[in-house]
Amino acid sequence: MKDLFFPSSVVVIGVSPQRANLGKEIARNLLEFQYTGVIHLVGLDGGVFLGRVIHRSLEEVPDPVDLAIILTPASTIPGLLAQCAKKGIRRVIIESGGFGEFSSRGTDLGREIQDLARSHRIRFIGPNCIGLLNLSNGLATPFATMRNVFRKGTVGIIAQSGGVALTLVNMFDSARLGFSKFAAIGNKLDVDENDILEYYVQDPETQVICMYLESVNDGRRLTRIARESPKPIVVHKANIGPLSSSIAQSHTDALANDDQVVDAAFRQCGIVRFQDIHGYIDFVKVLQLPRMRGRNMAIISRSGGHAVMAADAAYTYGFDLPPFPESFLAEVSTHSRAKVIRLANPLDLGDLFDFDEYVRIVEQTLQEAAIDGILFLHTYFAAIEGEASRRLLQDVAGLSAKYDKPVATCVYTENFEISRLHKEFDFPIFNSPGRAVHALDTSIDYYRRREFIEAQKGSVGSGPAYDRSAVKSLLDQALGAGRSPLLHEALRVVEAAGIHVPPWQLIEDPSGISDGFDHFPGPYALKAVASALSHKSDAGGVVLGLPHAHAMRAACFAMREKLGQVQVTGYLVQEMATGGSSHFELIIGAKRDPHFGPVILLGHGGTLVEILGKSSLRVAPLSPAEADQMIDDLPGSAMFRGARGKPPVDRNALKDAILRIAALITEFPEIDQIEVNPLVVSESGAKAVDARVFL
C-alpha cells in the first residue's frame, strides 16, 4: 500500500488537451498539489498539456513508472493493464466507470481485469473511483479540478464514494482538523477498505481513521484490524437495508439482520459508527481534546439560557454536574457587577465582564479533582469583543492541554467570525452544547470499550469442554442423509455440547404409547418431528401440559390431522420444563454471516421472540466477559437479578450456554444456523427445551 501512496513517478493515461477531457484534470491536480515525483502523460491524440508532452502510448514513455492512473473507456482497461504489466508497472488506479455498477457486461470486464491483475501481480484501486490524495508528497489523482488549499492534519480517510471523500475533506478542513491522506476506492475490485485501513494503522502521519462504507468486503478481517488498532476508527456505514434476500430459516436469522450484525461487530471491535455526518465530525473534533475520564462535568457559560440548554444536554447523556465549593463561588461572586445571578453548576457568568477572570475561573475549575471536564459556552459580537474573545478562547484551550482535561468550547457569534476561528485556531469549536456533550459522551464510551477490548486479549480460549466427537457424528449422520438434523437430533447436538435438556422420548407410532408410560414424570409436552416444520407452534405441531399417556395419544392423532400433508417422522414427548419460582424463556441462536462469520444472538424467547424483537449480538468466538456483556445488553436483563422477592436466575448457567453455542458455530463450519428456543433459565440452572440446527 505504501507504493500506492508514495510512488516516485506516475503516468496519467487518457490525457488530451481538449476542453472536456478529464484525464488532463488529473495532471493539473498533480501539478497544483506540487507532486514531488516525475509525471508522464499518455493519450491517443498526443499533443502538449501545461508544457508536458502527451505520449501516444505507454511504450513511448522513456522512464520506469511506479504508478499508472487510468481514465479511459472501460473496454480499454484490460489492454492497458496488460501494457502496464509489460512496462513493469505494478500499482494502478482505475478511475473509469462502466463496470459492475453499470451493466452485466461491465461485471464481466471487472472479472477480466481482476484475473489480469492477479496474473501479473498488479494491485489496483477502483474502478469507478477518484483514487488518492496524499498531502505529504502532493499525489493528487482525482479527476475533479481541485485547489491546493487543504490543511495537513492527522485524519486518514477511506471512502467508497469519491463525492463523500471530497465532502469529508472539506468538512474536516472547515473544522480545523485537516487530513493526511484519502483513498476513494470505488468498486474495490482489488484494493479494499481493509488494505487501506491496515496501512493507515501503521502510517505515522495518520492518527484518526475515518471511513465511509456502503458495503463490507471482509468483515472478519475488518474487525480483526480494528481490534488491534491503537488509533480511533470512525465509520459511516450507509446502505443499511438487509443485504440478503434469503427467507429466514429461523428466528435468529430474522432477528439478526445484516445491519444489526454490522452494528454489533463494529461495537465489539471498538469501531465508532455514525449515520449522520455532524455527529461524525463532532466526534473527530472531540478526539483532539484530552480524554474525559469520568462523567462529572462543569458548565461555564456567559449566557444563562445557553447554560440551561447545556444542562439539558448533560442530563440527556447522563453526565453529573457536581456542585462547586462554596469558597469558589464566593470568590467568583466578588467579581460580578450587580450580584443578581445565583451561582451554581452550571455557572452563569452573565454578570461578569472581565475575560481575564473567566480564564482564572476555568483554571480553578480544572484544578478541582471532582471535575472531569468542562463545557465552556461563550457568546460575543466580533466587532465589539472579537479580539478579547479570541484571546480568551486561546487561553482556555491552553488550560485544557495544561491540566489534561477536556474543555469543549461552544461559541455563539457571527458566521464570518466562526469561519475565522476555524482558520486561526488549532482546537475544535462546537456549534451547540448538545452536539458537544454528545461527542464527549461518545468519546467516554469509545475509550472504555478500548480498555475492555485490551483487557480481553488472550481470554478467548478454546471454549468450554464438550463431546466434540459426538457432535461431529450427529452432523455427519444428517449430512449423509442429505438434510439438516431433525428435532430429536438437534436436541442430541445440544446435549453433546453440554447444555442440559429436559428428559425426552421419540415416539414413532402414537398407538404405541402405553398407559403405563413411565420414562419420566409428567406433565408432558408433545412436539411433531418433521423436516418441513420450521415453526412448529404456528403450524399446530406443539401441545403442552398433557397430564398422562391417554392424553398424549389423543394429542398425537389430533396433531396428525391438523398437520395434513406434512410428513411427520415421529412425535417427541418431553418432560415439561418447570422453571421454579422465577424463570425466563430466552433464545440463544447463532448464524454464519457471509461477511462477519459466526454471529451469536441472545434474545427473549418462546412464542414472544418476534414480538419483543430486541436482541443482543456478538461475533464469535466470545470471551466469558463478552458473554456477560451480552446478558447485560439484553433489554429487561435487570429482571434476571431478582425482583419483588423473586430469586435471581443462575447467570453462570446462562453464560455457559451462550459460550457453548458460540463454540458450536465456531468449531463446526458445516453448521449454518443453530438455535435453542426456548432456553428456560431459572435460579436452578438453564434448560434447552427446543433446538434447531441447519447445515
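Let's start where H17 passes H18, in a left-handed crossing. By class, this contact brings together six nonpolar, one polar and two charged residues. Keep in mind as you look around that the model is predicted.

H17 covers residues 468-480 and H18 covers residues 487-496, and their axes sit 9 Å apart at an angle of about 160°. Anything over 145 degrees counts as roughly antiparallel, so that is how H17 and H18 run relative to each other.

Now move over to another helix pair, H7 (residues 219-228) and H16 (residues 433-456), which pack with their axes 10 Å apart and an angle of about 100°. H7 and H16 are therefore roughly perpendicular to each other. Here H7 contributes Ala226, Arg227 and Glu228, while H16 brings in Arg450, Ile453 and Glu454. Sorted by class, the contact of H7 with H16 has four charged residues, two nonpolar ones and no polar ones.

Last stop, the cysteines. How many disulfides does a search of the whole structure find? The count is zero. Take cysteine 269: the closest cysteine sulfur belongs to cysteine 210 and lies 15 Å away, which is too far for a bond, given that a disulfide needs the two sulfur atoms within 2.5 Å. Cysteine 269 is also buried, with a relative accessible area of 1%. Cysteine 410 counts as buried too, at 0% relative accessibility.

Technical notes:
Residues are numbered from 1 along each chain as its sequence is written. This is a predicted model: local features need pLDDT of at least 70, side-chain atom pairs count only at pLDDT 80 or more; totals for chains, interfaces and linings use all residues. Side-chain values use heavy atoms; hydrogens and water are left out. Axes are lines fitted to C-alpha atoms, for helices over the stretch in contact, and angles run from 0 to 180 degrees between N-to-C directions. Helices (H or I, at least four residues) and strands (E, at least two) are DSSP runs, numbered from the N terminus. Angles under 35 degrees count as roughly parallel, over 145 as roughly antiparallel, 65 to 115 as roughly perpendicular and the rest as oblique. A crossing is left-handed if the near helix is turned anticlockwise from the far one by less than a right angle, and right-handed if clockwise. Ala, Val, Leu, Ile, Met, Phe, Trp, Tyr, Cys and Pro count as nonpolar, Asp, Glu, Lys and Arg as charged, and the others, Gly among them, as polar. Buried means under 20% relative accessible area, exposed over 50%, partly exposed in between (1.4 Å probe, protein chains only). Contact means heavy atoms within 4.5 Å.
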